[in-house]
Amino acid sequence: MKSKTLLLIVIILLLTGCYDHKELNKIAILTATEINKNNDEFIINAEVVNPQSPDKTTYIQAPFIIYTGKGKTISEAYRQIKLSSSRYLYPDHLSILIINEKIAKEDITEIFDFYLRNPSVRTEFNVLIGKNEDILSLTTPIDKLSSSSILESIKTNNQYQGITNLVTLDDMSIMYLNPHKEIILPSIKIENDNKDSDNIKNTEDTKIDSTYKLSNLAVFKGNKLQGYLTDDESITYNLITNNVKNSIITYECDKNKYLTAEIITSSSKIKPKNNEINIDINISTVINESNCNIELNNAKTIKQLEKELSSYLKEKTEKNINNIRKKYNSDIFGFLDEIYKHDYKTYQKVKNNWYNQEFKNIKININSQINIIGKGNIMEGNNEKN
Amino acid sequence: MKKISYLELSSIFLVILITFNSGINLFLIKNTSGIDSWLSIIIGYIIGLIFLLLTIYISNYHKELNLFEKNKHLFKDFIGTIINIIISIIFFIIAITLLYNISSFINTQFLYHTPILITMSLLIILSIYCATKEINIIAHISLLLMAINIIMFILCNISLIGNIKIDNLLPFLKTNYLNIIISSLKIACINTLPILIILIIPKEKITNQNKYQKSLIITYIIGTLISLIITLTTISILGIYLTNMYEYAEYMVLKKVKLFGFLERVENIISMKWITETYIYLTLIIYSLTKNIKKKNKNTDNCISIIIGIVLVITTNYVFKNITIFNNFIKNIFIYIIAILFIIYILITTKIIFTKKE
């Protein structure tokens, strides 16, 4: 009995986890990081949550603090932050990583190692390309933390517009490690950057001077940033890669008159066959707005409209894919990956000459099918007065 | 002495079959068989069926004796002792491998600043304490922990279904056949050869001996399915490139688990499964080694278990100075050491056949 008691006491003493324990009041919660580079040195801006007093009568504090650190490696830069921060930077809640386009143009590889190697960092945070510097310093209304504001904006944009895209570090690593695919990342920039942008004053007016704007998708080839897609090209990319949750198609149904169809569901499939790429796009839409004189309660008209919309989407998709191929010569759609997975024989033939010859010239057949499943509250189209 | 039920026996058997899924199985085969690693798992366990049948055959010889006693009975004292020593050394090596594997996992993922010696000591204290009890108590603990583990395994795999991308398993069967066979042999070696340890429980100690064979076969099928599911989910969720890159790919997948659609960040709780499996396996090995150095005095037996535990920790610390040494050991030496058990199987089976003929 004595030995058991002794054993229990020893175990209790050992089970305190004293080597790794971190008290809540000794940690600073890191929510976002922005990485830049200057003269071979990484410059890191780390957004840390500033705990607010529950007493509203006390003076207003900034909801977050930006710490800056420099170092030859990312790890060293983070460590340098600890010189100015009273608390240990706790990275488990990191939700945003902004990589400055300067690094992206040079070599994005250097970013991966630290975040993938470090077990205390979760790899489900979102990665973006920053077109300006000090994006995280911008104060924003509604969402107090710039990181959560950016994250929610990306989610909303992806859900309702389909221009941008959510890319986690895991997704980015898969795109990077996969030899048959190229990296594509969302981007962000600050508009009207002024001296008050990092001040709480920026959120005091009804018309905000400085604000960030989600920009178009950034295209990579290998480990280098090549450029940015246009809005249309971004939607095409997201449509083909099944990343569109909800978007709109605006179609010129008459001279200078437009019709908008809202995408409710969309699915696409890339099918490689005999050295050709077939892309099937199936979309269900609802008419959101129609400024043309169309009889929307006529089944024949709806069918005709579906046909027109389908061929419009087909043309647009073809044009955008060809533009991307021509401008960047980067396989962001993962055509080679699809050939590798579904047509191994062709893969063996094309893999060595993919970018030199095959990717530019491979025939792409698009088969788009748009179904109109609703037309809103109005029975007919917009009947103009004669 | 109290007997153990066939369910308890199955739980111990399952532990032996699946514990190496905790960071070793996939690590060993992913570079050789790549996307087709799942096929290596299937073939590996099919090859392993031979050892299962041999185990069942050996268990029927003098049902009242355990493995070490059987050897002494079959080969007489001198050769029997040598064979027992060889088996003990192999079990000891399996134990140090398991101990370092789980300790380094805990240290790299959770307790970065805690010395590995403390992690090892905590695990081994628990195993020693358990190993000083009778086999029926070990079996009770095993059944309880395995029941929890299986529930957790089912729950986490259900929640992972949404993350599975079948495309990540394509193209099918494009890996060199020779590589698949090599990987299968590795799987057969480390997962199925050590099932010899189950013979430490004499068949006579099982309550319902008619179900002995059936329960082992069913457990074997369950073990195969669990290993297959782990491999398939890991590769289909992470993709082969991330799987190849991560040290503990199976654990990285657990980070994506959302229990009941909203409970996130539960990977640490789910990975308790790895710790409990290793703990039962270690307990069983310490118990077996103690049985081999059998003394009739209970207190002496306890002392032997404690000494074995201490030696295990010291040897692990001495042999594996860092994870790279450990990884190289697993890849280049461990398989061959375990493969010696194949010769032991053949020796014992042949001897039993000849003895029966005589």
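I began by settling a term: a residue is buried if 20 or more other C-beta atoms lie within 10 Å of its own. I also reminded myself that this is a predicted model.

**Entry 1: helix H6 of chain B**

With that in hand, I asked which residues of H6(B) are buried. I found B:Ile135, B:Ile138, B:Ala139, B:Ser142, B:Leu143, B:Met146, B:Asn149 and B:Cys156.

Next I looked up the packing partners.

H6(B) covers residues 135-160, which is 26 residues, so at 1.5 Å a residue I should see a span of 38 Å. The C-alpha atoms at its ends are 36 Å apart, which agrees.

**Entry 2: past the end of that helix**

I then followed chain B into the loop between H6 and helix H7 (177-192), where B:Pro171 has its place. The peptide bond joining B:Leu170 and B:Pro171 is cis, with omega about -5°.

**Entry 3: the cores**

Which residues touch the most other members of the largest nonpolar core? They are B:Leu99 and B:Ile285, in a core of 103 residues. Helix H4 of chain B (residues 67-109) supplies the largest share of this core, 15 residues.

I took a closer look at B:Ile285. Leaving out residues up to four places away in sequence, B:Ile285 touches B:Phe91, B:Ile94, B:Ala95 and B:Ile197. Another core, of 77 residues, lies apart from that one, and its members include A:Ile129, A:Leu214, A:Leu305 and A:Leu309.

**Entry 4: chain A on its own**

I turned to chain A and noted 11 helices and 13 strands. Of its 386 residues, 34% count as buried. Among contacts in chain A with a separation of 6 or more, 70% are between residues 24 or more positions apart.

Phi of A:Asn39 is near 50°, a positive value in a residue other than glycine. I placed A:Asn39 in the loop between strands E1 (27-38) and E2 (41-49) of chain A. Is A:Asn39 buried or exposed? It has 6 other C-beta atoms within 10 Å, so A:Asn39 is exposed.

For A:Asn275, phi is near 60°, again positive in a residue other than glycine. A:Asn275 is in the loop between strands E11 (257-273) and E12 (276-290) of chain A. I counted A:Asn275 as partly exposed because it has 15 C-beta neighbours inside 10 Å.

**Entry 5: where the chains meet**

Last, the contact, which takes 16 residues from chain A and 19 residues from chain B. On the chain A side, helices H1 (2-14), H6 (169-177) and H9 (335-342) each give two or more residues. H6(A) gives the largest share of that side, four residues. By class, I listed nine nonpolar, three polar and four charged residues for the chain A side.

How does H6(A) sit against H8(B) (residues 212-245), and at what angle? Their axes are 9 Å apart and the angle is about 90°, so H6(A) is roughly perpendicular to H8(B). Here A:Asp170, A:Ser173, A:Ile174 and A:Leu177 meet B:Gly239, B:Tyr241, B:Leu242 and B:Met245.

Notes: Residues are numbered from 1 along each chain as its sequence is written. Chains are lettered from A and ligands numbered from 1 in the order in which they are written. This is a predicted model: local features need pLDDT of at least 70, side-chain atom pairs count only at pLDDT 80 or more; totals for chains, interfaces and linings use all residues. Two residues are in contact if their C-beta atoms, placed from the backbone, lie within 7 Å. Ala, Val, Leu, Ile, Met, Phe, Trp, Tyr, Cys and Pro count as nonpolar, Asp, Glu, Lys and Arg as charged, and the others, Gly among them, as polar. The expected span of a helix is 1.5 Å times one less than its number of residues. A residue is buried if 20 or more other C-beta atoms lie within 10 Å of its own, exposed if 12 or fewer, and partly exposed in between; C-beta atoms are placed from the backbone. Axes are lines fitted to C-alpha atoms, for helices over the stretch in contact, and angles run from 0 to 180 degrees between N-to-C directions. Angles under 35 degrees count as roughly parallel, over 145 as roughly antiparallel, 65 to 115 as roughly perpendicular and the rest as oblique. A nonpolar core is a set of buried Ala, Val, Leu, Ile, Met, Phe, Trp, Tyr and Cys residues joined through C-beta atoms within 7 Å.
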